Amino acid sequence: MGDKGAAEQSLGMGLLASQPQVEKGELQALQIPGVGSVAVLKGGKEFVGAHGSVKEGVWHDNEGIAHSVAIKTVKVAGSEKCLKTINKEIEILAKLPSHPNVVRVVGVRPGEEPVIVEEWMPMTLKDLLNETGPVLNSGDVVRITLDVAKGVCHLHKHRVTHHDIKPANILLDETCNAKLADFTCSVFQVSSLIDATRHGTLGYMAPECMQCGVSRSRPRVRAEKIDVYSLGKVMLSCVVGNLDNGKTITATSLCPTRLWSLICDCTKMDPEGRPSCQQVVERLESMVKDGLEGEVG
Ligand SMILES: Nc1ncnc2c1ncn2[C@@H]1O[C@H](COP(=O)(O)OP(=O)(O)OP(=O)(O)O)[C@@H](O)[C@H]1O
Ligand SMILES: [Mg+2]
């Protein structure tokens, strides 16, 4: 942990000028190698996920410019499982080159008190779906999911399978550009066959991953097809509403034919029948290029 007083000094001025509601004494500082001090805003937002706790914070770069950041630490201090999970996430993020559709990492601190510092993103796709009601217009669905698919392609190119693609793990900036986040379930395998494990979230998890919870033998699956399935479910959730808790959907109205056909292909029970992520990108790009006007489901 860093020296609180020093961090207050280095982070205080610009921050306090721009955020007068935050008292100096309310900043808690952390030292991140190669980055310096980041400060958690005690009055800021806080999210507690399955593995980590994410808090709003601020980081001043070398030029003294203040950046809003998200600070992820273990959910339960001293928990071996949380510690292992966040350190594995750090290992993956450290090896992954940056990409416009993957959340930008400012710095990481592996070890006994692991910390991940990322750019602060104002909302998740889940928040947007909760705010706008279940149905986004098809143009927005295609644009947002194309961003996500490009991010997933980048992961696959670098041999990473995300394994937990869902609206709560898709972050949106002010102009609704989408970025993938949360690599707590991710693995360094993609085109190879892997043992399906019960990672992911009900409602978005590929059926081959669910099977291993009930049968003794773990099915061998192509890792990238697990992400393609979840991507299809994310598209579906944009069309019909949140699928958290395994809600199933049959309605297809209001969804243009080509988009519906892509959703059906991505969510095929047989992983081999699903397209590759690159093919998903190409199909979404052709919808952007040609437009979806006149297509009805
Ligand atoms: N960079 C960020 N900017 C703003 N908010 C974020 C950021 N990263 C995460 N969050 C918020 O924190 C929540 C939990 O983060 P994250 O998904 O990384 O943790 P987790 O413990 O792996 O969660 P879970 O396993 O429940 O998905 C996200 O759903 C989102 O609301
Ligand atoms: Mg998450």
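I started with Cys 176, which sits in the loop between β9 and β10. This is a predicted model, so I keep in mind that everything below is read from a prediction. The phi of Cys 176 is near 65 degrees, a positive value in a residue that is not glycine. I looked up the background on that: most residues other than glycine have a negative phi.

Next I went to His 163, another residue with a positive phi, near 80 degrees, without being glycine. His 163 has its place in the loop between α4 and β9. I counted the surroundings here too: His 163 has 25 C-beta neighbours inside 10 Å, so it counts as buried.

I checked the β8 and β9 pair and got 2 bridges, in the antiparallel sense. One detail I noted down is that Thr 124 has Leu 171 in β9 as its bridge partner.

Then I looked for the largest nonpolar core and found 47 residues in it. Which residues have the most contacts inside this core? They are Val 148, Val 152, Leu 231 and Met 235. The elements giving two or more residues to the core are α3 (125-132), α4 (138-157), β9 (170-172), β10 (178-180), α6 (223-240), α7 (257-266) and α8 (277-290). I noted that α6 gives the most, with 11 residues.

Setting aside neighbours within four places in sequence, I found Val 148 in contact with Asn 101, Ile 170, Ala 178, Leu 180, Leu 231 and Val 234. There is also a second, separate core, this one of 22 residues, including Trp 59, Val 74, Ile 86 and Ile 116.

**Val 106**

Trp 59 turned up again when I looked at Val 106, as one of its contacts. Val 106 lies in strand β6 (residues 105-109). With 20 other C-beta atoms within 10 Å, Val 106 is buried, and I note that 20 is just what the cut-off of 20 or more asks for. Apart from neighbours within four places in sequence, the contacts of Val 106 are Val 35, Trp 59, Val 69, Val 117, Glu 118 and Glu 119. I checked Glu 118 by C-alpha atoms: they are 5.1 Å from those of Val 106, though the two residues are 12 apart along the chain.

Strand β1 (residues 27-32) is joined to strand β2 (residues 36-41) by 6 bridges, and the two run antiparallel. Going along the pair, I found Gln 28 opposite Val 40 in β2 and Leu 30 bridged to Val 38. The hairpin has 3 residues between the strands, and Gly 34 there takes a positive phi near 80 degrees.

β2 also pairs with β4, through 3 bridges and again antiparallel. Here I noted Ala 39, whose bridge partner in β4 is Val 58.

**Ligand 1**

I listed 19 residues around ligand 1, the closest being Phe 47, Gly 49, Ala 50, Ala 70 and Asp 182. β4 (52-60) and β5 (66-74) each supply at least two residues of this shell. By type, the shell has 10 nonpolar, 6 polar and 3 charged residues.

**The whole chain**

Last, I took the overall counts. The protein chain has 8 helices and 12 strands. Of its 297 residues, 40% are buried. I also looked at contacts between residues at least 6 apart in sequence: 65% of these join residues at least 24 apart.

How values were computed: Residues numbered from 1 in each chain as written. Chains lettered and ligands numbered in written order. Predicted model: local features only at pLDDT ≥ 70, side-chain atom pairs only at ≥ 80, totals over all residues. Core = buried A, V, L, I, M, F, W, Y, C linked by C-beta atoms within 7 Å. Buried ≥ 20, exposed ≤ 12 C-beta atoms within 10 Å, placed from the backbone. Helix = DSSP H or I, 4+ residues; strand = E, 2+ residues; numbered from the N terminus. Contact = placed C-beta atoms within 7 Å. Near = placed C-beta within 6 Å. Nonpolar A, V, L, I, M, F, W, Y, C, P; charged D, E, K, R; others polar. Pairing = 2+ DSSP bridges.
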